[in-house]
Amino acid sequence: MGEYIVSARKYRPMTFDSVVGQAALTATLKNAVKSGKLAHAYLFCGPRGVGKTTCARIFAKAINCMNPTTEGEACGECESCKAFAEGRSYNIFELDAASVEHIKSLMEQTRIPPQVGKYKVFIIDEVHMLSQAAFNAFLKTLEEPPAHVVFILATTEKHKILPTILSRCQIYDFERMSVE
């Protein structure tokens, strides 16, 4: 019997074009990849199950792709894309809301430049769960991030995030899909 994989992970979209119901957001993210003009911090907000973490993963893969397509998608063939697909990328870190210790060690990781690809990408899911001390530790790095670091924060509760964090992020509001 093979390893069981939850259907949400098994059928998770792997490209911007396969994400359903977020066309405006995915078009904006693809344009950022095409132009190479990236912010150092993004905040993906919205209810559960609308694709925040999925889009964060696709975006992280695309900005580290060595040969992105003309549409702004990852090629899926380069070493960076293969490493990401196989779960062995050292440049893309995905964390759930962490304790202060995790945030401090994460901030240490930002000093080390990427090995393959252009950026170290830190995806922090449910960022609103960070403690006040963790937010403060994170804020120092967010204020003066290294040029090779991109943060993608995801939350279902934007109102719980400090205004000082919000002011340093490009904010993307994900909407629920309509019945149509």
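How many nonpolar, polar and charged residues are in the lining of the largest pocket? By class, the lining has seven nonpolar, six polar and nine charged residues, where Ala, Val, Leu, Ile, Met, Phe, Trp, Tyr, Cys and Pro count as nonpolar, Asp, Glu, Lys and Arg as charged, and the others, Gly among them, as polar.

Before you click on, some ground rules. This is a predicted model, in which local features need pLDDT of at least 70 and side-chain atom pairs count only at pLDDT 80 or more, while totals for chains, interfaces and linings use all residues. Numbering runs from 1 along each chain as its sequence is written, and side-chain values use heavy atoms, with hydrogens and water left out.

**Stop 1: the pocket**

Select Arg 12, Gly 51, Lys 52, Thr 53 and Thr 54: of the 22 lining residues, these lie nearest the centre of the largest pocket. The space there comes to about 630 Å³. A pocket is an open set of points on a 1 Å grid over the protein atoms alone, with protein on both sides within 12 Å along at least five of seven lines; lining residues have an atom within 4 Å of a point. Grid points are joined across faces, edges and corners, and the volume is the space filled by probe spheres set on them. Helix 3 supplies the largest share of this lining, four residues. (Helices are DSSP runs of H or I with at least four residues, strands are E runs of at least two, and both are numbered from the N terminus.)

Now pick Thr 53, in helix 3 (residues 52-64). Thr 53 counts as buried because its relative accessibility is 13%; the cut-offs are under 20% for buried and over 50% for exposed, with partly exposed in between (1.4 Å probe, protein chains only). Beyond four places in sequence, Thr 53 is in contact (heavy atoms within 4.5 Å) with Arg 12, Glu 94, Asp 125 and Ala 154.

**Stop 2: the cavity**

One cavity of 30 Å³ or more turns up in the whole structure; a cavity is a set of points where a 1.4 Å probe fits but cannot get out. To see the lining, select Arg 12, Pro 13, Met 14, Thr 54, Arg 57, Ile 58 and Phe 84. Helix 3 again gives the largest share, three residues.

**Stop 3: the core**

Next, show Tyr 42, Phe 44, Phe 59, Val 121 and Ile 152, which touch the most other members of the 30-residue largest nonpolar core. Such a core is a set of buried Ala, Val, Leu, Ile, Met, Phe, Trp, Tyr and Cys residues joined through side-chain atoms within 4.5 Å. Helix 3 gives the most to this core, with seven residues. Leu 106, Phe 122, Val 127 and Phe 135 are among the 23 residues of a second, separate core.

**Stop 4: the rings**

Seven aromatic pairs are present. Rings of Phe, Tyr and Trp (its six-membered ring) pair if their centres lie within 6.5 Å; planes under 30 degrees apart count as stacked, over 60 as edge-to-face and the rest as tilted. Zoom in on Tyr 42 and Tyr 172, a tilted pair at 5.9 Å centre to centre and 35° between the planes. Because Tyr 42 lies in strand 1 and Tyr 172 in strand 5 (residues 170-173), this pair ties together parts 130 residues apart in sequence. Both tyrosines are buried.

Finish at Phe 93 and Phe 122, whose pair is stacked because the ring centres are 5.0 Å apart and the planes at 10°. Phe 93 is partly exposed, at 22% relative accessible area, whereas Phe 122 is buried, at 0%.
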